Amino acid sequence: MAERSRSVFLSYASQDADAARRICDALRAGGIEVWFDQSELRGGDAWDRQIRRQIHDCALFIPIISATTQGREEGYFRREWKLGVDRTHDRSDRRAFLVPVTIDDTRDAEADVPEAFRAVQWTRLPAGETSPAFVARISQLLSPSEPPARADGRAAILPFNQGAAASRRSKLIPLLITLFALLGVGYLALDNFAPSKRTSTSATASLPGEPAATPINEKSIAVLPFIDLSEKHDQEYFSDGLADELLDLLAKTPGLHVIARTSSFSFKGKSDDIPTIAKKLHVANILEGSVRKSGDRLRVTTQLIRAISGEHLWSETYDRELKDVFAVQDEIAAAVVSQLKLKLVPAPQSAAHRTSNIEAYSENLLGREFSNQENLDGWKRAIEAFHRAIALDPNYVAPYDGLALAELYVADEAGDAAGYQRAKDAAAKAVELGPDDPNAYAARGFIRLNITWDWAGAQADFEKALALDPGDARFQQRYGLLLATLGRLPEAIAATTNAIQLDPLQTATWRNLIGCFLFTRDFGGAREAIRRVLEISPESPYLLDALGLLQLLEGNAADALATFRRIDVDAFRLSGIAMAEHTLKEPKASQQALDVLISKYAAVAAYQIGGVYAWRGDKDKAFDWMERAYAQRDEGLANIKIDPMIYSLRSDPRYTALLRKMNLPES
């Protein structure tokens, strides 16, 4: 390693390697030490300890900018750029460090680059043809003298604009916008397909998941999505899936708090640095890595980082055959827990996510990737992928629980009875093949909760899943939904709190908690929770709906009306406006909104329409629409015991009769 005062790091996209080589050769010819990894580390080693150390120790960082680097948020050069920008925070001498170079007509004003690059002088070296003047400039910047002046008289390198960067980071808070309903929409979208784990704690704070409430657990970790370094960059589903399964495996470690996938993967493609991510997730350690998959070969590079100091506790690269992917996962997990001075305890249910057919494994990962898109097209494509996985290995459990949920979502979109039956069959098969697999029981419990309203069966399944794996955020979330449906609010709040502590950036779980607060009339708790979650997802129609409902319940109908008008989902906006206008004694405006709601959404929003009538005091029409919701199997009806907007119906004998028809407890 060259001494720090004379070393230069070149960062470039692989397509710009020829131009980077010309720059490197010219600088070296001028007696300048250059660290240039033309080929040897552009595979799985690209993000190992050596590159980080080189960027940390170099005196100058030269990012090579071109049309190739634009719009590519996840290239490895982006990570090098981030590390280079991070270095500027630590420099106190204000000498030049960032020296951006463009090799084509890309200009700083419109380029997709970090803000810190814009604050310094750029040099244009077409195709990497390097002038003697540039070599002389670099040599002068490496000297101990003062930095040279620019033609305009200002210093050549401006200090890093921390204010601009902070402003940009504030806009990069993950927007986990997913189609979940708080009240009157039900449970189907209140789930995600990715594993999310670890030990839970009881609800002791006024608002769970608050980072400042408790000190950071030293035995805590977040697994970031692995970078796809495959040649065609078409294996992202595989790199994400491998990290996902590694997270799941680490979560089996007693004493280790592992943040759920939804929260840790929300930083994908963002510019947040390790300390920022760790602070948001309230963890002490971060695991990140990269995957290069080529034919039947696999290269995985991982590194464990101590977040507060940036210290690399451990780093390793694995070059294996693709069929050894599970062995690689085991070795990484064992190394990580060893570094954290814990003991990995393999769980029997892990076998459910393993198969000897590597093609089936890949198809299962692809199905999960499609499912995570959380839209109709994604779920349909997921079903196809899961079926391919099952055809390749009929005894492979993992595709069945994924298939059950995907079939459920697609069937719900179309009201397809045959699809519901396929979902039930897939869940039953998952339990049959995986009697020790918690995911199978959780999938079947979710089917029972939404399709058959088999509350006892759903409870038994969720409790079985939690007995096998008590630290899964999804299981805690679903169990909390069931408990709320049954009217067991304190237990529902506790389970939902546990889910939030495991998955602090999952807005859906927060909305479940808000629903419980609204029903128990804990308006202060609801208000604070809404404020917190709007920071994560500021334009979410479901959170705005929750805010409007809170304002109505607190007697602030004018504010509620303004909030409802901001919602871009018709059913929420119209039902909210109808209720708010009624409270404001504007019956004509209220009826107009309700008429539009009925004309457009009678087939899918019967419960919400009934809710409007209940709020307006028209019990007969409210129960007429509740009966329609029952006939349509409207999932929103599962909120009947906890919806504060229909509280006026609870004293009516027809309410008790409806509970009996739904097999819900009357008290």
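Biologist: Hi! What should I know about the model before we start?
Modeller: It is predicted, so local features need pLDDT of at least 70 and side-chain atom pairs count only at pLDDT 80 or more, while totals for chains, interfaces and linings use all residues. Residues are numbered from 1 along each chain as its sequence is written, and side-chain values use heavy atoms, with hydrogens and water left out.

Biologist: Thanks! What is the strand order in the open sheet?
Modeller: The five strands run 2-1-3-4-5, with parallel pairing. Strands pair if DSSP finds at least two bridges between them; strands (E, at least two residues) and helices (H or I, at least four) are DSSP runs, numbered from the N terminus.

Biologist: Which are the edge strands?
Modeller: Strand 2 (33–35) and strand 5 (123–124), each pairing on one side only.

Biologist: And how many bridges join strand 3 to strand 4?
Modeller: Two, between residues 60–65 and residues 101–102. Ile65 has Thr102 in strand 4 as its bridge partner.

Biologist: Which strands does helix 5 touch?
Modeller: Helix 5 (residues 132–142) touches strand 1, strand 3, strand 4 and strand 5; contact means heavy atoms within 4.5 Å. Its direction makes about 150° with that of strand 3. Angles run from 0 to 180 degrees between N-to-C directions, and axes are lines fitted to C-alpha atoms, for helices over the stretch in contact.

Biologist: Switching topic: where is Trp453?
Modeller: Trp453 sits in the loop between helix 15 (438–452) and helix 16 (455–468). Its phi is near 55°, a positive value in a residue other than glycine.

Biologist: Is Trp453 buried or exposed?
Modeller: Trp453 is buried, at 4% relative accessibility. Buried means under 20% relative accessible area, exposed over 50%, and partly exposed in between (1.4 Å probe, protein chains only).

Biologist: What about Arg521, buried or exposed?
Modeller: Arg521 is exposed, with a relative accessible area of 52%. Its phi is also positive, near 60°, and its place is the loop between helix 19 (507–519) and helix 20 (523–536).

Biologist: Last one: at what angle do helix 17 and helix 19 pack?
Modeller: At about 20°, with their axes 11 Å apart.
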